[in-house]
Amino acid sequence: MAGRFGIYAALVRAQIRAQTQYRLSFAFDLLFNVVITFVDTITILVIFRITPVLGGFDLPDALLLSALAGIAFALADLTVGNIERLPKYVREGLLDTVLVRPLGALSQLIVGDLSIRRLGRIVQGLGVLIVAVVLADVRFTPAVAAMLVIVPLAGAVTFAAIFVTGASLSFWLVEAGEVANAFTYGGRDFTLYPTTVYTGWFRRAFAYGLGFAAVIYFPTLAILGRSDPLGTPTWLHWAAPGVAVVWCGVAWLAWRTGIRRYRSTGS
Amino acid sequence: MPPRTFVALVGAGFRRWATYRQATIAGGFTNCVFGFLRCYVLLAVVGSSAHVVGYDRDQIVTYVWLGQGVLGVVTLWGWSDLNDRVKSGDITIDLLRPVNPIATYFATDLGRACHAALTRLIAPLVVGAIAFGLYVPRRPQTFALAVMSLALAVGVSFAVRYLVNLTAFWVLDARGFLIAWAILGNVATGLVVPVRFFPDIVQWVLWCTPFPYMFQAPIDIAIERVGPLEQWGLIGVQAVVLVALLWTCDRVQRRGVRTLVIQGG
């Protein structure tokens, strides 16, 4: 086990060295990734230019919510996001190369595809989070402090599992990889705004069916010390890690079934 | 280029996309999911007020759903054909042909857009109409004007994409510029929120760029956010922007061909 861990550590180190080889180019990439995440923040500022309240949230509260969602997604995107290239690997036969090596296929793909320039997005998210925590008058208790750390991490695990589940779909639907975007990037968009914004069966499907409400919205209510206008019980507001565990199970099952079903393209 | 060749290339573009049936359905599905996501957010912005920056409830709903369809037709991002050909060196083949690559790619892109107009445009409109109810234009001529504007928007979008891809002649891989354009395009074209949500000064700056003319303009025309005279005005500006962009593409390409170092072997 220690030996295997050593191999992965070496692979990650190699990735970092390779990607930072051209310093200036890497610095630009990093900076660029800081800038692009501002798009989400700008969108929220623009929306609050038009309306003072969105789904019962004022600007500082909405910023807090979107910052948590932004960091969680950025963490998942940094580590596992590139798994969405799987259909391309299947088409080009690269997956065969991965499968003949004596390491797990999924972990190899994840380690081999880290894009550390996306650290920039997390930096931006942390900046917005700090501003939002100050503006939103968060009352600090040990529980709230723990939530501020756990929520982005649990959210990241959930998004990562959804990325893997989505990529597993491409074992069945080679051309239809775009369907996964509806749940990965769609899930991100869903969590960027308060769940109160959505209504009807769509809310039930995304918030409760797929569990997205428990990833960012419920924990934000807990951090702000608010009750849910949708009337969910308070204990649910602490369920983010539970949702992450369930999604990991789904991802594991989808990946295992998919990879066993995989037949090489023969290229 | 002889018209017959142009039409043949348009047909080829259409047929190429008609073969990707799974991908068309997947794309339409994803457009619809994002339609719901964006629609609810903008509806929350409208709230109980009758109007938001000149859009009423039905218009804002239609803005989102028509927008999700228009997105599939004009294709803001995800086109790197030219860049890939420069990277692989295949661009030599394009340059050796007796037709300008701009015309070749433009024709195939029009074929793609025609296919998308029959598939990707319709799907979100149907879903949006069933789930929320859409705004139906009051003036009959709006339908014709919207089609004209959409066609021009496809041209503008193509020219901008081509221009971004052309940077590959200098930097060999336009990936950075392509990503920058994808991010900028999200905000500057009116996709995420209508351009009219921005402060006046930002709106002014944006209308001076080609971006709103490939997305916001055809939608504003279709949902009659602007009066009859302004509809014609917008179409006129779109035409001017398109000609100017195609001319720029041609100039940049001429310069680029002189500096290009062919890749591959």
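These questions and answers walk through cavities, a pocket and ring contacts in a predicted model.

Student: How many cavities of 30 Å³ or more does the structure hold?
Tutor: Take the volumes in turn. The largest cavity has about 80 Å³. The second largest cavity has about 40 Å³ of space. The count of cavities of 30 Å³ or more is two.

Student: Which helices of chain A each supply at least two residues of the lining of the largest cavity?
Tutor: Start with the lining itself. It includes Thr37(A), Ser66(A), Arg121(A) and Leu192(A). Those that each supply at least two residues are helix 2 (23-50), helix 3 (59-79) and helix 7 (119-135) of chain A.

Student: By class, how many charged residues are in the lining of the largest cavity?
Tutor: Asp40(A) and Arg121(A) are among the lining residues. Asp and Arg both count as charged. The lining also has four nonpolar and six polar residues. Its number of charged residues is two.

Student: Which elements give two or more residues to the lining of the second largest cavity?
Tutor: Among the residues that line this cavity are Gly166(A), Leu169(A), Val179(A) and Ala180(A). The elements giving two or more are helix 8 (142-169) and helix 9 (178-192) of chain A.

Student: By class, how many nonpolar residues does the lining of the second largest cavity have?
Tutor: Leu173(A) and Ala176(A) are among the lining residues. Leu and Ala count as nonpolar. The lining has three polar and no charged residues. Its nonpolar residues number five.

Student: Which element gives the most to the lining of the second largest pocket?
Tutor: This pocket has a volume of about 500 Å³. Its lining has 25 residues, and those nearest the centre are Leu66(B), Leu121(B), Leu125(B), Ala146(B) and Ala222(B). Helix 3 (57-74), helix 6 (101-118), helix 8 (141-166) and helix 12 (216-222) of chain B give two or more residues each. The most, seven residues, come from helix 8 of chain B.

Student: How many nonpolar residues are in the lining of that second largest pocket?
Tutor: The lining holds 25 residues. By class, two are polar and no residue is charged. The nonpolar count is 23.

Student: How many aromatic pairs are there over all chains, and is the pair of Phe57(A) and Tyr217(A) stacked or tilted?
Tutor: The count over all chains is 38 aromatic pairs. In this one, the ring centres are 6.1 Å apart and the planes stand at 35°, so the pair is tilted.

Student: How many residues apart in sequence are the parts that Phe57(A) and Tyr217(A) tie together?
Tutor: Phe57(A) lies in the loop between helix 2 and helix 3 of chain A, while Tyr217(A) lies in helix 11 (residues 217-224) of chain A. Phe57(A) is buried at 0% relative accessible area, and Tyr217(A) is buried at 2%. The sequence separation of the parts is 160 residues.

Student: Why is the pair of Phe106(B) and Phe158(B) classed as it is?
Tutor: Stacked requires planes under 30 degrees apart. Here the centres are 4.9 Å apart and the planes at 15°, so the pair is stacked.

Student: Is Phe106(B) buried or exposed?
Tutor: Phe106(B) lies in helix 6 of chain B, and its partner Phe158(B) in helix 8 of chain B. Phe158(B) is buried, at 0%. Buried means under 20%. At 15% relative accessibility, Phe106(B) counts as buried.

Student: Which residue lies over the face of Tyr55(B)?
Tutor: Chain A has a contact of this kind: the charged end of Arg188(A) sits over the ring of Phe73(A), 5.6 Å from its centre. Over Tyr55(B), at 5.3 Å from the ring centre, lies Arg225(B).

Definitions and conventions. Residues are numbered from 1 along each chain as its sequence is written. Chains are lettered from A and ligands numbered from 1 in the order in which they are written. This is a predicted model: local features need pLDDT of at least 70, side-chain atom pairs count only at pLDDT 80 or more; totals for chains, interfaces and linings use all residues. Side-chain values use heavy atoms; hydrogens and water are left out. On a 1 Å grid over the protein atoms alone, a cavity is a set of points where a 1.4 Å probe fits but cannot get out, and a pocket is an open set with protein on both sides within 12 Å along at least five of seven lines; lining residues have an atom within 4 Å of a point. Grid points are joined across faces, edges and corners, and a volume is the space filled by probe spheres set on the points. Helices (H or I, at least four residues) and strands (E, at least two) are DSSP runs, numbered from the N terminus. Rings of Phe, Tyr and Trp (its six-membered ring) pair if their centres lie within 6.5 Å; planes under 30 degrees apart count as stacked, over 60 as edge-to-face and the rest as tilted. Buried means under 20% relative accessible area, exposed over 50%, partly exposed in between (1.4 Å probe, protein chains only). A charge sits over a ring if NZ of Lys or CZ of Arg is within 6 Å of the ring centre and within 35 degrees of the ring normal.
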